[in-house]
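Work through the exercises below with the model in view. Try each task before you read its solution.

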Amino acid sequence: MVLKSLPRIERLDLAVITLPDWHPEATNQPTAPVYGYVIVHPDGPIVFDTGVGFGNEFIDEVYEPECVRLDEALAAVGVDTSSIVGVINSHLHFDHCGQNPLLYGTDVPFFLRQTEVDEVERDRFYTDQAWAIPPLAQRRLIDGDVEIAEGVTILSTPGHSPGHQSVVIESAVGRVVLAGQAVWELREFVEEEATVSNVFSDEYLDVAIDSIRRIKALEPETVYFAHCAAHRTDDALRTAEE
Ligand SMILES: [Zn+2]
C-alpha cells in the first residue's frame with residue numbers, strides 16, 4: 001500500500017565518534033557522524049537506528065563518542081519518545097542500536113533479522129550485546145522484505161553486515177530510502193562500489209553491490225545514510241551517472 005503523501009522524515013544527529021587509527025576511514029576523516037532517523041508516520045513515529053549507547057568502557061575509550069540522548073534528539077524534532085510505535089535497526093553494531101534500551105521494557109516492537117542476531121551471539125566483539133538484543137517479547141524477527149506500516153517497507157540489504165536492512169517509504173508523490181550503512185559515503189552509492197572496509201567480509205562484496213543496486217532500482221528521490229550527510233535527489237543521481 002502507498003501513502004497519499006510522504007510522512008515527515010527527520011534526521012537525528014545522535015553522535016560523533018572518533019575513528020581509531022586502525023579504522024580504514026581514519027586517514028580520510030578523524031571523526032564520523034552517526035545519524036538515526038524518525039519517520040513521522042500517521043500511525044505513530046517509527047525510529048530507524050538509535051545511535052551510540054552509554055556506559056560501555058571499551059567503546060568510550062576507543063571511539064570517544066559524543067552522544068546525544070535519543071529522547072532529546074526526538075524532542076528536538078517534536079517527537080515524544082512515548083509515542084514511538086516501532087524501531088528498526090539497520091544492523092546491530094554499537095553505533096546503530098546503542099540507545100535501544102531506552103525502549104526496552106515497553107511494548108514497542110523491534111524489527112530485526114535472525115542472521116544479525118546470530119552474529120551478535122557468535123562474536124562478543126560484534127557489538128554491545130545488552131544494547132543490541134531486545135527482550136524476547138519485543139522482538140519481531142523478519143525475513144526478506146516486509147511492509148510494517150502503510151507505505152513503510154523494510155528491505156533486506158546485506159553487505160555491511162549479514163542482516164543489514166534499509167527502509168523504503170512510499171507515497172503517491174515520492175519515494176525515500178533510509179539506507180543505513182549500505183554504504184559509508186555517497187560516492188560508493190553513486191558508483192555502485194562496495195569498499196572492503198565497509199563490507200562484512202570479502203564474500204559479501206557482491207552481495208553489498210546487489211543491495212546498492214536494489215535500492216537504486218527503486219528510483220528513490222532521496223536516500224539517507226547513517227554516516228554521511230549527503231543524500232540524493234533524482235537529479236543528482238542522473239548527473240552523477242552521466
Ligand atoms: Zn556497522
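Predicted model: local features only at pLDDT ≥ 70, side-chain atom pairs only at ≥ 80, totals over all residues.

**Exercise 1: The surface**

Next, turn to burial. A residue counts as buried when its relative accessible area is under 20%. Of the 242 residues of the protein chain, 55% count as buried.

**Exercise 2: The overall fold**

Task: Decide why the radius of gyration of the protein chain agrees with a compact globule.

Solution: Start from the length, 242 residues. A compact globule of that length would have a radius of gyration near 18 Å. The protein chain has 17 Å, so the two agree.

Then take the extents. The C-alpha trace spans about 45 × 40 × 30 Å along its principal axes.

Now list the elements. The secondary structure comes to eight helices and twelve strands.

Last, look at contacts between residues at least 6 apart in sequence. Of these, 67% join residues at least 24 apart.

**Exercise 3: The charges**

Task: Count the positive and negative side chains, and say how far apart the centres of the two sets lie.

Solution: The protein chain has 16 positive side chains and 42 negative ones. The centres of the two sets lie 5 Å apart.

**Exercise 4: The zinc ion**

Task: Name the residues that coordinate the zinc ion.

Solution: His 91 and His 160 each coordinate the zinc ion through NE2, and His 93 through ND1. The distance is 2.1 Å. Along the chain, the donors follow the spacing H-x1-H-x66-H. Finally, check burial: His 91 and His 93 are both buried.

Notes
Residues numbered from 1 in each chain as written. Heavy atoms only, no water. Donors = N, O, S within 2.8 Å, 3.2 Å for Na, K, Ca; no water. Buried < 20%, exposed > 50% of the residue type's maximum accessible area, 1.4 Å probe, protein only. Helix = DSSP H or I, 4+ residues; strand = E, 2+ residues; numbered from the N terminus. Rg over C-alpha atoms; globule rule 2.2 N^0.38 Å. Contact = heavy atoms within 4.5 Å. Lys, Arg positive; Asp, Glu negative; His and termini not counted. Charge placed at Lys NZ, Arg CZ, Asp CG, Glu CD.
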